[in-house]
Amino acid sequence: MGFVIAVDGPAASGKGTIAGRLAREYGLPHLDTGLLYRAVGLKVLEAGGSLDDAEAAQAAARGLDARTLSDDLRLTTGEAGEAASRVAGHPGVRAALLTLQQDFAAQAGGAVLDGRDIGTVIAPDATAKLFVTATPEVRASRRWKQLTARGDAIALEDMLADIRRRDERDAGRGAAPMVQAHDAALLDTTDLGIEAAFDAARRIVEAARARHGL
Ligand code: CDP
């Protein structure tokens, strides 16, 4: 495996921004794996299916074209995030998305992936692993700012309830639950702005690179 950076953590912890900045810093391709689960959730909803229907969700996951995802704004809605976290609990969905993610991680030059199970399941041999967190209150307030800035009407208390529910579901599921890998560095961004969080992340990656002699 090349130079792989695995970034995991709960919703609105800052992991996506950190992963994107690290990818630019090191000139590596970046995969936001949450988009895969979001796309599967939306496909099921658009077909009029139920998110609890494991077969339908697995079929949607098998037919996914990952190249079309990054520009699709519908994937960034709260509804898509909620749908994602529901289909992500079906082991068949996770299995159907496994090879795609592993292939991305195995690219010759290396890669950055962010999600919930990158350091534990997708790329257990990653060069550097980060688990990015922040308190639920701070994460809710960040996500609320993001969504209201683009015109979505949502109350902050509802956002917090949503974040807590999602944390519970992601950490409590049987298939690849969200958990800090034993060898991942914890990065708590509760009191950090984007620049400070990125600096801390870069230091973690540099230390890991030095350990690997890269
Ligand atoms: O940041 P936020 O949680 O809103 O969104 P995301 O990272 O796009 O993830 C959406 C949902 O997809 C999560 O709540 C997880 O249930 C699921 N997911 C997962 O199970 N495994 C991943 N590697 C990435 C996302």
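Modeller: Axes here are lines fitted to C-alpha atoms, for helices over the stretch in contact, with angles running from 0 to 180 degrees between N-to-C directions. The model is predicted, so local features need pLDDT of at least 70 and side-chain atom pairs count only at pLDDT 80 or more, while totals for chains, interfaces and linings use all residues. Residues are numbered from 1 along each chain as its sequence is written, and side-chain values use heavy atoms, with hydrogens and water left out.

Colleague: At what angle do helix H7 and H8 pack?

Modeller: Helix H7 covers residues 136-149, helices being DSSP runs (H or I, at least four residues) numbered from the N terminus. The axes of H7 and H8 lie 9 Å apart, and the packing angle is about 120°.

Colleague: Which orientation class does that make for H7 and H8?

Modeller: Angles under 35 degrees count as roughly parallel, over 145 as roughly antiparallel, 65 to 115 as roughly perpendicular and the rest as oblique. Given the angle of about 120°, the class for H7 against H8 is therefore oblique.

Colleague: How many nonpolar residues does the contact of H7 with H8 have?

Modeller: Contact means heavy atoms within 4.5 Å, and the residues making it include Trp144 and Leu147 of H7 with Leu156, Met159 and Ile163 of H8. Ala, Val, Leu, Ile, Met, Phe, Trp, Tyr, Cys and Pro count as nonpolar, Asp, Glu, Lys and Arg as charged, and the others, Gly among them, as polar. Beside one polar and six charged residues, the nonpolar count is eight.

Colleague: How are H4 and H8 oriented to each other?

Modeller: Helix H4 (residues 78-87) and helix H8 (residues 156-172) have axes 10 Å apart and an angle of about 20°. Their relation is therefore roughly parallel.

Colleague: How many charged residues are in the contact of H4 with H8?

Modeller: The contact is made by Gly81, Glu82, Ser85 and Arg86 of H4, and by Asp162, Arg165, Arg166, Arg169 and Asp170 of H8. With no nonpolar and two polar residues, the charged ones number seven.

Colleague: Which side chain has a polar atom 2.9 Å from an oxygen atom of the ligand?

Modeller: The ligand is surrounded by 18 residues, Arg38, Arg94, Arg116, Arg143 and Asp170 being the closest, where near means a heavy atom within 4 Å. A nitrogen atom of the ligand is 2.9 Å from an N or O atom in the side chain of Thr33, and a polar side-chain atom of Asp117 lies 3.1 Å from a ligand nitrogen atom. For the ligand oxygen atom, the side chain at 2.9 Å is that of Arg173.

Methods:
Helix = DSSP H or I, 4+ residues; strand = E, 2+ residues; numbered from the N terminus. Polar contact = N/O pair within 3.5 Å; in protein donor to acceptor, adjacent residues only side chain to side chain.
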